[in-house]
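I'm putting the model up here before I jot anything down.

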Amino acid sequence: MSNINFLKPDRSNLNTFLYLGSFLFFISILDVFLNSFFSLNLTGFLPNFLSFLLPLILGFIGLYFIRIEFSGIKNLDLLNKHINTNNFNAILSLLIIFIIIKSIPPILSWFVIDASFAGDSKDVCTGSGACWTYIKVWIRRFMYGMYPNSEQWRINLSFVALVLLGSVGYFATEKFRKYLTLYYVIIYPLIAFLFIFFFISGGPVFFDFSYGIIAAILSIIIGFFIPSKFKFYYFLIVPIALYVILKYFLFFEEYIELGKLDGLNWVETGAWGGLSLTFIISFFCLIFCFPIGMAFALGRRSEFPLIRYISVGFIEFWRGVPLITVLFMSAVMFPMFLPEDFFIDKLVRAIIAISLFEAAYVAEVIRGGLQALPRGQYEAAKSLGMGYWKMHIFVILPQALKLVIPGIANTFLALVKDTPLIFVVGLLEIVGMLNLAKTNPKWLGFAMEGYVFAAIIFWIICYAMSKYSYNLEQKYKTDR
Amino acid sequence: MNFKLKDIVPQLITVIAVVLVFGFFTYNAQINMENRGIDFGYGFLSQESSFDVQFSLIEYDGSHSYFRAYLVGLLNTILVSVIGIIIATILGVIVGIARLSPNYLINKFAAFYVEFFRNIPLLLQIFFWYFAALRALPLPQDAEAMFGVFFLTIKGLYVPAFIWQNFDIFFYSIIAAIISIIIIRAHAKKVQENQGKQIPVFLISIGLIFILPLLSFLIGGVSLSFEVPVLKQLATTSFIYEGGVSLPPELIALTLSLSLYTATFIAECVRAGIQGVGKGQKEAAASIGLTPNQVLKLVIMPQALRIIIPPTTNQYLNLTKNSSLAAAIAYPDLVLVFAGTALMQTGKAIEIVSITMFTYLTLSISISILMNWYNKKIAIQEK
């Protein structure tokens, strides 16, 4: 305890430095804390400038004093290692601590303390905090758009049913496990499609579109039982023939009318909206963009030059333009390209546009997976006498897709974040509904609450998805 | 023969399918346009546009042509993209490095920033800044000056304008400084390779870049003065700032949200790049006696850049494409001015949408060519 050199804290005077340093550090934190929570200014007697910087200076000196290497106190060493390695880090740490302390009271008071929750009109929102009443009153619009209130159980029921059906994979026994891919790729989308077609819409929304989907899915299912010798010609002819048969011979309009569930009102797609529309669009775009993207990824790696050029052109075109212009195209340009009596619903047009757009990104992701596979896999499959399709379906794609799960998840994340753009074609999902509600003369001035609400919802969805994809990545990393 | 047929048939079918689809579309488009009495052509570009744009880098009013309106939109898009790319890069690099900091607080703070801004749709962020955050700013008459000269108000940011005399001489002096720095660098490299001597290039560069423009002020007759924005009363309750440069709130909201959003992705690229350089590289460099700064500059960064640049290019492209979201808050970019207003007025859907898409394609491709060139330059030159 002899001579203390204040410029060089060391172990010999550990306690002195520790007490002095902690005291200064504590004072600086206390000053900011009191200032921020109770608007007390301990250092008010000092000149303005000094009073403002004093916590930083005191805290810095305090941290400097307790920066003693190998002090022998475990917690102190940890503290030094994590936030107090050198002067620069000490200042940054202090600043971050101050920012956190400073920002807690205003955020807390805005969110909870001064916020109003009760009531159902604008009059209760007199405090300086958020007006959650606004969200409460408008919640149905934010969730379901203009979908009639009395019919919203249809959306809820469909989503619950689809989530339950989607979780089948977790409960499948060993015996059914091998059919899961078939289930998820073909049967589940079909069920989802029927749910939305018959149940949510309750009317002839996806008219022409539905024939094509049914024809494609039926022909793929039957295609599994066709000998591989004829497969090529089968897929050349049958889907189109099936489509024609379905459209012109089998499914007369009366059948569609019959197919409609009795007692369900038709809700046109213009009335759909809110968060449920975000889910519907994301879901359909995901199931459409995946096969299209896969086809173009294979096309880009095809050995036939013409197919390769077409695929490259397709991919680079969609990747080069912004989604908003693609939606513009689907809204104003696409109708010009169709026969006059041929009408496609604008929701369907938006879904097609987003699917094609995302398909290009999916194609690039899948191509990355295909390229990452060692050539031995291809050669081994060929040496077993497998043809192109057999090789890809049974050997290459299962491995490549496993590799690109994180990439696909990222693309899907981008897709979910892109859905608000459909305001371009006049569809209002949650962000669009917020903008609509914001201009309602009875509820002016609550833009902030609305955006914060939507941001929280989106953040939870996207963060959960990114964590899930990270988990999948970790899970499959060990497999190879 | 059979073998060849198998090669040709799939290609032929694909091509026929593509041609059929396109032919079908063109055929329908022709019939539709005939029925509606629209004629196809790009002649409208030279017609008088007769609409006004509120923010423009070049002189423009309603009497100019549609082509000029297109240029206005394009320049505004490029302006937002360039500012956004610069801010996003700086922020992204800082956050990316902070993500690797041994300091727990900084590390978590950066992680929080990345996770927070990355998972909220960009459009929502733009709306938030524009409709909620910037609307809370004071009116022009209540605004307090920042540093005495900047005024941040609900009507935009007002900054002082530079008024140059003999600007060209100043410009040439900077060019001369840059050229001489490049020459000195090349020379220093040669000297170091041949004789092992090190020339303090950095100090010389700094000196040159300051001294030459300074000389232009002293000798060349260059002078610079500022025009500070001044509050002016239009009516009893209506105030504006006169003089200086005003940046509209749309531009501020857009650049802010674009750069905050894209910076998160760039930060992840930077982090991945620096982490991708093997630990052994760092240790090896330290063991041959390089200082930490030299290790970072000569060993880590050149290798990390190779990993960082390709994904960062993608982010630049994304930012440029995302700048089209400007249309949602009425910032007069290409989409709003050309694909919005001009399309409404002329009804030339096919022409205008195709020009817009083609422009974005060109922008994307030119950025990717530029970055590919840079990437190739810094790639490993295998001998």
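**Chain B domains**

I looked up the spacing first: the C-alpha centres of domain 1 and domain 2 of chain B are 41 Å apart. Domain 1 of chain B covers 2-40 and domain 2 takes in 66-160 + 228-378; these bounds come from an automatic or database domain assignment.

Housekeeping: this is a predicted model, where local features need pLDDT of at least 70, side-chain atom pairs count only at pLDDT 80 or more, and totals for chains, interfaces and linings use all residues. Residues are numbered from 1 along each chain as its sequence is written, with chains lettered from A and ligands numbered from 1 in the order in which they are written.

**Strands in chain B**

I checked β4 (161-165) of chain B and found it paired antiparallel with β5(B) over five bridges (pairing needs at least two DSSP bridges; strands are DSSP E runs of at least two residues, helices H or I runs of at least four, numbered from the N terminus). Across that pair, B:Ile163 sits opposite B:Ser225 of β5(B). How many of the five residues of β5(B) are buried? The count is zero, so β5 (223-227) of chain B is hardly covered, where buried means 20 or more other C-beta atoms within 10 Å of a residue's own, exposed 12 or fewer, and partly exposed in between, with C-beta atoms placed from the backbone.

**Helix α19 in chain A**

I noted buried residues in α19(A), among them A:Ile408, A:Phe412 and A:Asp418.

**A-B contact**

I got 43 residues from chain A and 47 residues from chain B (contact: backbone-placed C-beta atoms within 7 Å). On the chain A side, α21(A) gives the largest share, ten residues.

Methods:
Two residues are in contact if their C-beta atoms, placed from the backbone, lie within 7 Å.
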